[in-house]
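Below is a short report on one protein chain.

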Amino acid sequence: MSPITPFNILRHELIGLKAEVKDSTCRSYLGIKGEVVDETRNMLYIRTENGVKAVPKSTCKFVFTLDRGVKVEVDGLKLVGRPEDRLVR
């Protein structure tokens, strides 16, 4: 599989990436950051300093940190769907 880039991030596995909630319609999710440890159809689970937080994809914008510190902003609406289906899309 090819390395993750800003152009193909939607077709790759997100588990293991560093993530931060940059924007959200719900203020309580703003600033959550850590490592993605799980993903479901509608949620990302991010391990933070205070434990694992469940963050809804559809209401947030995320910044993922790739190799070499490259940061990519992704609208959570583009992530909604089962991970295995998104990888095929």
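The structure, a predicted model, holds zero disulfides, a disulfide being a pair of cysteine sulfur atoms within 2.5 Å. A disulfide is a covalent bond between the sulfur atoms of two cysteines. The sulfur of Cys26 has its closest cysteine sulfur in Cys60, at 7.8 Å, and this is too far for a bond. Cys60 is likewise in no disulfide, with the sulfur of Cys26 as its nearest cysteine sulfur. Cys26 counts as partly exposed because its relative accessibility is 31%, while Cys60 is buried at a relative accessible area of 2%. Here buried means under 20% relative accessible area, exposed means over 50%, and partly exposed lies in between (1.4 Å probe, protein chains only).

Residues are numbered from 1 along each chain as its sequence is written. In this predicted model, local features need pLDDT of at least 70 and side-chain atom pairs count only at pLDDT 80 or more, while totals for chains, interfaces and linings use all residues; side-chain values use heavy atoms, with hydrogens and water left out.

**Overall layout**

The chain contains one helix and six strands, and from the N terminus on the order is β-β-β-β-β-β-α. Helices (H or I, at least four residues) and strands (E, at least two) are DSSP runs, numbered from the N terminus. The radius of gyration is 12 Å, close to the 12 Å that the globule rule gives for 89 residues, so the chain is as compact as a globular protein of that length. That radius is taken over C-alpha atoms, and the globule rule is 2.2 Å times the number of residues to the power 0.38. Along its principal axes, the C-alpha trace spans about 35 × 30 × 20 Å.

Of the 89 residues, 34% count as buried. The chain exposes about 5,600 Å², of which carbon and sulfur atoms supply 51%; accessible areas come from the Shrake-Rupley method with a 1.4 Å probe, and for residues only the protein chains shown count as cover. Among contacts (heavy atoms within 4.5 Å) with a separation of 6 or more, 39% are accounted for by residues 24 or more positions apart.

**Strand pairing**

Two strands pair if DSSP finds at least two bridges between them.

| Strands | Bridges | Residue pair |
|---|---|---|
| β1 (residues 18–24) and β5 (residues 60–65) | six | Asp23 and Lys61 |
| β5 and β6 (residues 71–75) | five | Val63 and Glu73 |
| β1 and β2 (residues 33–39) | three | Lys18 and Glu35 |
| β2 and β3 | four | Asp38 and Tyr45 |

β2 and β3 are joined by a hairpin through three residues. The hairpin of β5 and β6 has five residues between the strands. Arg68 is found in the loop between β5 and β6, and its phi is near 60 degrees, a positive value in a residue other than glycine. With a relative accessibility of 87%, Arg68 counts as exposed.

**Nonpolar core**

A nonpolar core is a set of buried Ala, Val, Leu, Ile, Met, Phe, Trp, Tyr and Cys residues joined through side-chain atoms within 4.5 Å. The largest one has 17 residues, and Ile9, Leu14, Phe62 and Phe64 touch the most other members. At least two residues of this core come from each of β1, β3 (43–48), β5 and β6. β5 gives the largest share of the core, three residues.

Which residues does Thr65 contact, leaving aside its neighbours within four places in sequence? They are Leu17, Lys18, Val70 and Lys71. Thr65 lies in strand β5 and counts as partly exposed, at 24% relative accessibility. Its C-alpha atom is 6.5 Å from that of Leu17, a residue 48 positions away along the chain.

Ile15 lies in the segment before β1. Ile15 is also partly exposed, with a relative accessible area of 38%. Not counting residues up to four places away in sequence, Ile15 touches Val36, Val37, Asp38 and Glu39. The C-alpha atoms of Ile15 and Asp38 are separated by 5.9 Å, although these residues are 23 apart along the chain.
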